[in-house]
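Let's take a walk through this structure together. Have the sequence and the 3D view ready, and follow along.

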Amino acid sequence: MGSRALLMLTNFNFKATVSSFGSASNPFFLIKNNLRIRNFSTKTRSSLQPPDLPGLAETARISLAPNEVEEFAPKIGQVIDWFGQLQAVDLDNVEPAIRADTEGDNLREDVPQTFENKEALIASVPSYEEPYIKVPKVLNKE
Amino acid sequence: MASTLFRTIQIHPFLLYPTALFSRRNGVLYCTMKSSQTQTATQEKQQPPKVKVPQHALKKTVDKITRDYEAIIGIETHVQLSTLTKAFCSCPYNYGSQPNTSICPICMGLPGALPVLNSKVIEFAVKLGLALNCKLSLNSKFDRKQYFYPDLPKGYQISQFDIPIATGGYVDLDLPLEFGGGHRKFGITRVHIEEDAGKLLHSGNGDYSQVDLNRAGVPLLEIVSEPDMRTGIEAAEYAAELQRVVRYLGISNGNMQEGSLRCDVNVSIRPVGQSEFGTKVEIKNLNSFSSINRAIDFEISRQALLHSQGQSDQIVQETRLWEEGAQKTVTMRKKEGLSDYRYFPEPDLPEVILTPEYVDSISNSLPELPEAKRRRYEKMGLSMQDVLFLANDMNVAEYFDATLSSGADVKLAANWIMGDIAAYMKNEKLSINDIKLTPQELAELIASIKSGTISGKIGKEILSELLAKGGTVKGLIEEKDLIQIADPVEIGKMIDKVISENPKQLEQYRGGKTKLQGFFAGQVMKLSKGKANPGLLNKILLEKLNGQS
């Protein structure tokens, strides 16, 4: 099962201040208020909030110049509105689904297996000071 | 073990009274909580007025102040599971390994790597959910909790946000007797599965830090309690009970010092009678149950004092660190609003589906849990003190149960285990699984004493040998010829011999020095090599000394 990256974002040209490894996809359109639990499948038919680009850039650790903010905001807004078409669906008689797919467990047994090529893993670390990975000092998680 | 820890606290009664914490600095106390030595930039800007008050008066004042307020305490606990492999990859996890030796592309978060859930993690989570009397979510999912930090390789933590695997449970516990005892029931809001981050070490000289990813991806269960605790001791005992439960279940070492059991505490106070909660303060860096107790009591006093001085606005929602050396909490960082973790369902992991059959099979395989054991021991007639000791460590409880099933008397078995055997274990630094005395032989020992085959004193003597070397009670009795002499004629003969050999003492005794009975008794015991039945000995001795036979 692959990660579902949003290919349309590749149209944008941005410089990352911190590159994050892993299957990164940051769908900006998700409701930012994390405290509202699973609200997106219930009533809200109102138009979606326009994106707060400076806030989004901050949380994604991507630096944007003021002109870039101006340029990207409407483009990202368009992406959001494109997905916003889903709002038209009548969900009154639909049970909220926990996940989009219907496949179940893909589990593995609790059996240790050492990864063979650890040297290659260490070699790929940009800044390694045996036996630790050397990183800039960051004290606060925010 | 918690009970041993608390016994330590008992020796230092001042810890029960928060004011004593101030008295360490100097004879005259200040009303301010601010330390003059450690000034951090983010400390309170305003200097509260310094008032010099004699110690006893301040103690009374603080006690009176804290009595006007009710503390609301909640605890978030992270339990590191003792699975053989990590949560989402097959890397083994061993505490203390060389840094960055247990890694792979998945737990390092390298591009293209995908997580695969360890089935044991679900099993352990269900076990804990059931043990904590929770409602299990038969369908739950994983979510990404996104933030940037050097020990978080993927830039997100796989966790469970809105649909945790278990919700709405509770724990029952009994407070230790040295703190007043009493039964308590604390609610559990939720239990969810998540992965641990790596270890981040800040180097001494400023500008860089070091990351060890051995721990990244290790499975954790986060347990969030309802804000039901009201004092430091209730909170500490809650944590101790969680430790007991996870150890009984065999899902974790539950070791606070090693980091396999981590507690963060949230404390707020409100004037008694008020329904709105006060400002909540989080406390981190608690490494033992006694730290939990002391940190909370300190924080309650700190907040109460500020309230009483009309400075409750100085209490802000923040994270504070408990400093074990200074015995106080200090500001770590102020919480500026809620963090935006941009939770969304983890696309790389399928739903977690539990069938009722699966849950039932796990439910049937659960061992007898601490609470059930305590109630059963109580019904057997044991005192609360005995109950708490025996049920604290699962291995001790099993040993006790095995001794009983070999026919031993409940009270006697409890006394031997809690007394001589516990002392031996402490001295030799052994666990009950390491001692050579088997439960069956302990039962045999108890029975031998009870039946009069050997005396109590002899019993204690052979106990030490049995503990250290093993062997059987019957064997030792035979080998060393320890059977108690209970034949009055034989005892009489020995007494006659001792009396005839000590005419001077006999005369002194008959002259009024009745204390000499002990001397005669000792001599007879010596003659009998300790085997004379003491009761019978003294009875016949008295008769003979008083010239009655």
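Predicted model: local features only at pLDDT ≥ 70, side-chain atom pairs only at ≥ 80, totals over all residues.

Start in strand S18 of chain B, where B:Pro345 is the bridge partner of B:Asp143. Strands here, like helices, are DSSP runs numbered from the N terminus: a strand is E over at least two residues, a helix is H or I over at least four. B:Asp143 takes us to strand S7 (residues 143-146) of chain B, which pairs with S18(B) in the antiparallel sense over two bridges. Two strands count as paired if DSSP finds at least two bridges between them.

Residues are numbered from 1 along each chain as its sequence is written, chains are lettered from A and ligands numbered from 1 in the order in which they are written, and side-chain values use heavy atoms, with hydrogens and water left out.

Now for a sheet that takes strands from chains A and B: four strands form an open, antiparallel sheet in the order S2(A)-S3(A)-S12(B)-S11(B). Strand S2 (128-129) of chain A and strand S11 (199-202) of chain B stand at the edges with a single partner strand each, so one side of each has no neighbour in the sheet. On the chain B side, S11(B) and strand S12 (residues 208-212) pair in the antiparallel sense over four bridges. Look for B:His202, which stands opposite B:Ser209 in S12(B).

What about chain B as a whole? Its secondary structure comes to 19 helices and 19 strands. Of its 549 residues, 54% count as buried, meaning under 20% relative accessible area (1.4 Å probe, protein chains only). Take the contacts (heavy atoms within 4.5 Å) in chain B between residues at least 6 apart in sequence: 71% of them join residues at least 24 apart.

Finally, move along to residues 398-545 of chain B, where UniProt, in an unreviewed entry, places the feature "domain: Asn/Gln amidotransferase". Such annotations may be inferred rather than shown by experiment. This span is 72% helix and 0% strand, and its end C-alpha atoms lie 50 Å apart.

Notes: Buried < 20%, exposed > 50% of the residue type's maximum accessible area, 1.4 Å probe, protein only.
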